[in-house]
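Please keep the viewer open while reading.

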Amino acid sequence: MWNIPNLLTLFRIFLIPVFVFCFYSTHEHARFLAAFVFWLAAITDALDGYLARKLQQSTAFGAFLDPVADKAMVAAALVLIAVDMQSLWVTIPAFLMISREIIISGLREWMAGVGRGAQVKVSDMGKWKTAVQMLALIGLIWQPVDWITQLGMLLLYLATLLTVWSMVAYLQAAWQDLKQ
């Protein structure tokens, strides 16, 4: 249980309050520090999965905790951005993204319970959604100049589109089981 991938996942969970503290800090470079901590968490997300496969250190604990850590960090960032920007144009995408994560987590849990978890395993579209979402959030957390904020908003909308699209794809994959 105490292998490098799992330690990276635990580190990512530890980074959540650090991220929130940096975001709300009055330090001159608070937003940069918050964006850096979020970026570090995103990197550890990619790294822990890679290392678990490469080092053959996949565990049940890691399989459980990794998506929890990811969703908690992203939800924290989405809530902070929505509160900070106080805009319907940010709040609605944040709500859709958080709702999708809850729906798909529930769907995966239910599908695993009926022995059909493979139908809703992580897809390439889900990976693209995550990558675009991470880039959008880094830009919207940092906001050093207008064009980065605008690019962050564009990527947020693209991530929202991919979020809804991937949710529909997962629900379609499970539809036959859900209809019964």
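**Notes on charge pairs, core contacts and surface**

1. Start with Arg100. This residue is buried, with a relative accessible area of 4%. Keep in mind that the model is predicted. Arg100 forms a salt bridge with Glu101, and their closest N and O atoms are 3.1 Å apart. Glu101 counts as buried too, because its relative accessibility is 13%, under the 20% cut-off.

2. Glu101 has another partner. Its side chain also meets that of Lys71 in a salt bridge, at 3.3 Å from N to O. Lys71 lies in helix 3 and Glu101 in helix 4 (residues 88-113), so this pair ties together parts that are 30 residues apart in sequence.

3. Now the wider picture of charge. Side chains of opposite charge can pair when their charged atoms come close. The count of salt bridges in this model is nine. One of them is between the side chains of Arg12 and Asp48, at 3.0 Å from N to O. That pair links distant parts of the chain: Arg12 is in helix 1 (residues 4-24), Asp48 is in helix 2, and 36 residues separate them. Both ends are shielded. Arg12 counts as buried at 1% relative accessibility, and Asp48 counts as buried at 3%.

4. Look at Asp45 in particular. Asp45 sits in helix 2 and is buried, with a relative accessible area of 17%. Leaving aside residues up to four places away in sequence, Asp45 touches Arg12, Asp66, Asp70, Thr130 and Met134.

5. Ala69 belongs to helix 3 (residues 60-85). Ala69 is buried, with a relative accessible area of 0%. What does Ala69 touch, not counting residues up to four places away in sequence? The answer is Thr9, Arg12, Ile13 and Ile16.

6. Turn to the rings. There are eight aromatic pairs. Among them, Phe23 and Tyr24 form an edge-to-face pair, 5.4 Å centre to centre with 85° between the planes. Phe23 counts as buried, at 6% relative accessibility. Phe19, Phe23, Tyr24 and Phe38 make up one aromatic cluster.

7. A ring can also meet a charge. The charged end of Arg108 sits over the ring of Tyr170, 4.7 Å from the ring centre.

8. Finally, the surface. Phe32, Leu33, Phe36, Trp39, Ile43, Leu47, Tyr50 and Trp142 form a nonpolar patch there. Together they have about 720 Å² of accessible area. Which helix gives the largest share of the patch? Helix 2 (residues 30-54) does, with seven residues. Ile43 is found in helix 2. Ile43 counts as partly exposed because its relative accessibility is 38%. Asp45, also in helix 2, is buried instead.

Definitions and conventions: Residues are numbered from 1 along each chain as its sequence is written. This is a predicted model: local features need pLDDT of at least 70, side-chain atom pairs count only at pLDDT 80 or more; totals for chains, interfaces and linings use all residues. Side-chain values use heavy atoms; hydrogens and water are left out. Helices (H or I, at least four residues) and strands (E, at least two) are DSSP runs, numbered from the N terminus. Buried means under 20% relative accessible area, exposed over 50%, partly exposed in between (1.4 Å probe, protein chains only). Contact means heavy atoms within 4.5 Å. Rings of Phe, Tyr and Trp (its six-membered ring) pair if their centres lie within 6.5 Å; planes under 30 degrees apart count as stacked, over 60 as edge-to-face and the rest as tilted. A charge sits over a ring if NZ of Lys or CZ of Arg is within 6 Å of the ring centre and within 35 degrees of the ring normal. Patches are made of residues with over 30% relative accessible area and no salt bridge: like charges are joined within 9 Å, nonpolar side chains (Val, Leu, Ile, Met, Phe, Trp, Tyr) within 5 Å. Accessible areas come from the Shrake-Rupley method with a 1.4 Å probe; for residues, only the protein chains shown count as cover. A salt bridge is a side-chain nitrogen of Lys or Arg within 4 Å of a carboxyl oxygen of Asp or Glu.
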